Amino acid sequence: MDLVLDLSDASTALSLPHIRYQLIRLEDTVLYHIIERAQFPLNATIYEAGAIPIPNSHLSFSDWVLREQEKLQSQIRRYQSPDEYPFFPDAMQPLLLPPLAYPKVLYPNDVNVNSELKRRYVSNILPGCCMKPARAERAEAQENYGSAATADVSALQALSRRIHFGKFVAESKFQSDPQTFIRLIKAEDRAGIDAAITDAKVERKVLERLRMKADMYGTDPGMNAEAPRKVDVDGVVAMYKDHVIPLTKVVEVEYLMQRLKGTEWE
Ligand SMILES: O=C(O)C(=O)C[C@]1(C(=O)O)C=C[C@@H](O)C=C1
């Protein structure tokens with residue numbers, strides 16, 4: 001799979017402006033896939049295990065589609081890329097293509113917040129982003145079950161990639177001030193690490209820009225300016241404010257907590 005971060009040399013890969021540029025670019029990817037998903041009703045049935053019978057599986061329909069996609073994509077190197085993490089690590093298959101040699105930019109770690117992301121996606125993000133008239137009037141449409149689950153795969157993968165980019169942000173911040181981070185990590189001071197990686201001004205800018213993008217991308221040129229947007233703009237902002245940014249910070253903190261393992265930092 002393509003890696004949007006330029007890994008050809010480690011200093012570019014870990015430059016904070018470069019990483020932030022990629023985070024901004026990923027906003028477009030996330031928004032695009034959420035807009036695609038929002039054209040279908042919520043279809044809560046597809047998230048309920050057992051509601052749609054699947055031979056030899058107890059998974060919900062949506063989970064089954066995601067797991068099968070991951071099985072396939074694992075064979076074509078998707079999860080070799082250091083910014084891609086599976087939702088179903090147990091589904092990984094042997095590679096069909098020869099492995100790629102990515103330069104080692106990140107410190108070895110097992111941080112993966114995808115289970116929590118998927119839980120929040122189903123219970124909060126999706127109900128918040130689907131348009132309200134669609135929620136009320138188009139409660140279920142079984143003819144869209146496949147389309148909705150397919151759109152979920154793309155949306156979840158884009159969100160996961162954005163959130164796990166936190167590892168590159170954390171590595172960059174660590175390298176710019178190792179002494180501070182080593183002290184906090186050794187003290188297991190997660191709250192202190194969280195405070196050290198937080199930049200409230202950048203977060204405000206992310207949310208302002210996202211509101212403008214959701215409003216713009218959710219409108220067609222020539223459409224009546226008052227017409228409903230293709231996606232719930234407040235829902236999109238809440239998705240980032242309450243879930244995407246907080247989970248990115250969890251990834252940053254947990255990555256840093258593992259950053260000194262096996263090293264002899266003094
Ligand atoms: O850009 C950064 O410095 C990040 O750590 C990323 C991010 C975000 O998720 O957008 C998270 C924490 C910071 O407070 C600001 C922004």
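I'm calling a residue near a molecule or strand if its C-beta atom, placed from the backbone, lies within 6 Å of it. This is a predicted model, where local features need pLDDT of at least 70, side-chain atom pairs count only at pLDDT 80 or more, and totals for chains, interfaces and linings use all residues. I number residues from 1 along each chain as its sequence is written.

**Ligand.** I looked up the shell and got 13 residues around the ligand, with T198, D199, V202, I245 and T248 coming nearest. Two or more residues each come from α2, α10 and α11; these labels follow DSSP runs numbered from the N terminus (helices: H or I, at least four residues; strands: E, at least two). I see α11 giving the most to the shell, four residues.

**Helix α2.** I checked residues 16–38: the 23 residues reach 32 Å from first C-alpha to last, close to the 33 Å expected at 1.5 Å a residue (expected span: 1.5 Å times one less than the number of residues). I find I19, Q22, E27, V30, L31, I34, R37 and A38 buried in α2, buried being 20 or more other C-beta atoms within 10 Å of the residue's own, these atoms placed from the backbone. Among the elements covering them are α4 (114–129) and α11 (233–257).

**Core.** Next I looked up the largest nonpolar core, which has 52 residues, with I34, C129, L159, V236 and L256 having the most contacts inside it. Such a core is a set of buried Ala, Val, Leu, Ile, Met, Phe, Trp, Tyr and Cys residues joined through C-beta atoms within 7 Å.

Note on methods:
A residue is buried if 20 or more other C-beta atoms lie within 10 Å of its own, exposed if 12 or fewer, and partly exposed in between; C-beta atoms are placed from the backbone. Two residues are in contact if their C-beta atoms, placed from the backbone, lie within 7 Å.
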